Amino acid sequence: MEIHNQIFYTTVCSCLLSLSGLILQNHLIPAVDFMFHHPDCFSDVLILSSVATASQFFISYTIRTFGALTFATIMTTRQLVSILLSCIWFAHPLSWMQWVGAAIVFGAIYAKSFLRSKPQKTAVASLPHGSSPNPANSS
């Protein structure tokens, strides 16, 4: 299935679930009423929806091109920067246990990413010329 179809069907299902939730909780009319009374909210919803859709394309492209581990590293870096900026901006200090936890999580992901990115030496390169690594293939 094409990525465009996946994103479309995921979005349609999300819209149907959100609509169902609004209807079941009797919040649909107040939500529509709010949008009519605050027309500037519509542009915010439109911008948020557009950015969310564009981010889905970037996520899919990154995973398809570079792999899930690279994507996890990118998202972890984003979260680390977000946490650090939040601590600085709002002056919320981290306890030493929080620093240890962050170091373990981020260190493990970065270590896995960097170890995987190193070129692996294969045993095939050390075999004599003309020999096969699989004895069943040699005749």
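**View 1. N26, in the loop between helices α1 and α2.** At 64% relative accessibility, N26 counts as exposed (over 50% relative accessible area; buried is under 20% and partly exposed lies in between, with a 1.4 Å probe and protein chains only). The residue sits in the loop between α1 and α2; helices here are DSSP runs of H or I with at least four residues, numbered from the N terminus. Phi of N26 is near 55°, a positive value in a residue other than glycine. The model is predicted: local features need pLDDT of at least 70, side-chain atom pairs count only at pLDDT 80 or more, and totals for chains, interfaces and linings use all residues. Residues are numbered from 1 along each chain as its sequence is written, and side-chain values use heavy atoms, with hydrogens and water left out.

**View 2. The packing of α2 against α3.** Helix α2 (residues 28-37) and helix α3 (residues 39-66) pack at an angle of about 105°, with their axes 5 Å apart. Axes are lines fitted to C-alpha atoms over the stretch in contact, and angles run from 0 to 180 degrees between N-to-C directions. The angle makes α2 roughly perpendicular to α3 (65 to 115 degrees). F34, M35, F36 and H37 of α2 meet P39, C41, F42 and V45 of α3, where contact means heavy atoms within 4.5 Å. These residues divide into 7 nonpolar, 1 polar and no charged. Ala, Val, Leu, Ile, Met, Phe, Trp, Tyr, Cys and Pro count as nonpolar, Asp, Glu, Lys and Arg as charged, and the others, Gly among them, as polar.

View 3. Just after α3, G67 takes a positive phi of about 100°.

**View 4. The aromatic pair of Y61 and F66.** The structure holds 2 aromatic pairs (ring centres of Phe, Tyr or Trp, its six-membered ring, within 6.5 Å). Y61 and F66 form one that is edge-to-face, with 6.5 Å centre to centre and 85° between the planes; edge-to-face requires planes over 60 degrees apart. Y61 is partly exposed at 45% relative accessible area, and F66 is exposed at 52%.

**View 5. T73 in helix α4.** T73 lies in α4 (residues 68-89) and counts as buried at 12% relative accessibility. Not counting residues up to four places away in sequence, T73 touches I109, Y110 and S113.

How values were computed: Helices (H or I, at least four residues) and strands (E, at least two) are DSSP runs, numbered from the N terminus. Angles under 35 degrees count as roughly parallel, over 145 as roughly antiparallel, 65 to 115 as roughly perpendicular and the rest as oblique. Rings of Phe, Tyr and Trp (its six-membered ring) pair if their centres lie within 6.5 Å; planes under 30 degrees apart count as stacked, over 60 as edge-to-face and the rest as tilted.
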